Amino acid sequence: MSSTGLSNFLRVALDVQATPYPGIHVADGVAAATDGVMLVAKKFDLVFLRGEGAISPKAAKVLAALAGATWIGSVAVVGNRVTVTAQSTWYDEKVGAEVAGAYREVTLPEFYCPRAPVARMLAVLTDESRGWETVAENPNVKVLKEMSARDYVALIDNPRNGGELFRPKADNDTHWYSVAQLRRGLRLFGKNSRLNVRRSSSGWLAFGDQWGYTFTVTPFVKHN
């Protein structure tokens, strides 16, 4: 009895977030985390995730633990203050077991966290001037599992839907990506996710699925 989707997102987001954008940033039903190179985001129902602000890493760890233990009914963010409704349990002697109880409001300890421009970050992913194009649907990323985390990969030429997406980096590649970064971000998606992969003209990669999850990573770039 847990909110596994929320807890998994928070664990990945906590791994990705870093200075100069610490914490998890909330606006318009979207929660996002970034280190300036990678970005992970989740579009939630506006009834479930309300408000606007920044959840500090400390508060996010508490929320992740709570979500891993019980159902979360809603999350409200106002600045750095986070209030959730969480389901309680009680022991039913007639049943002889622990059973689900009422939802209780829980206010997390408030920790300072600077706010980041989430809307501006996400706007990049739909900015037509950046030349976004779909690369493949539901690709295979087996090569990422076979290579070392210290390795680098590039997109294969003309990826096919359902086919392999990456190959080992070559010396003449213009854009390439860190295996370690890709592994970290792709943990966002579950086994039933159907991935859509897009690339911008500057080499940014954006992965999205039918559940509203997004992972974006910027490339390493060859300079002549």
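**Close-up views of a predicted model**

**View 1. N158 sits in a loop.** N158 is found in the loop that runs between β9 (152-155) and β10 (166-168). The model shown here is predicted. The phi angle of N158 is near 50°, a positive value in a residue other than glycine. Is N158 buried or exposed? With a relative accessibility of 70%, N158 counts as exposed, because the cut-off for that class is over 50%.

**View 2. N138 also has a positive phi.** N138 is not a glycine, yet its phi is positive, at about 50°. The relative accessible area of N138 is 29%, so N138 is classed as partly exposed.

View 3. The bond from T19 to P20 is cis. Its omega is near 15°. P20 belongs to the loop between α1 and β1 (24-27).

**View 4. The largest nonpolar core.** This core has 51 residues. Which residues have the most contacts inside it? They are F9, V75, F166, F207 and F215. Helix α1 (residues 4-16) supplies the largest share of the core, seven residues. A second, separate core has 11 residues, among them V30, L39, A41 and M121.

**View 5. Surroundings of F166.** Neighbours within four places in sequence are left aside here. In soluble globular proteins, nonpolar side chains tend to be buried together.

Conventions:
Residues are numbered from 1 along each chain as its sequence is written. This is a predicted model: local features need pLDDT of at least 70, side-chain atom pairs count only at pLDDT 80 or more; totals for chains, interfaces and linings use all residues. Side-chain values use heavy atoms; hydrogens and water are left out. A nonpolar core is a set of buried Ala, Val, Leu, Ile, Met, Phe, Trp, Tyr and Cys residues joined through side-chain atoms within 4.5 Å. Buried means under 20% relative accessible area, exposed over 50%, partly exposed in between (1.4 Å probe, protein chains only). Helices (H or I, at least four residues) and strands (E, at least two) are DSSP runs, numbered from the N terminus. Contact means heavy atoms within 4.5 Å.
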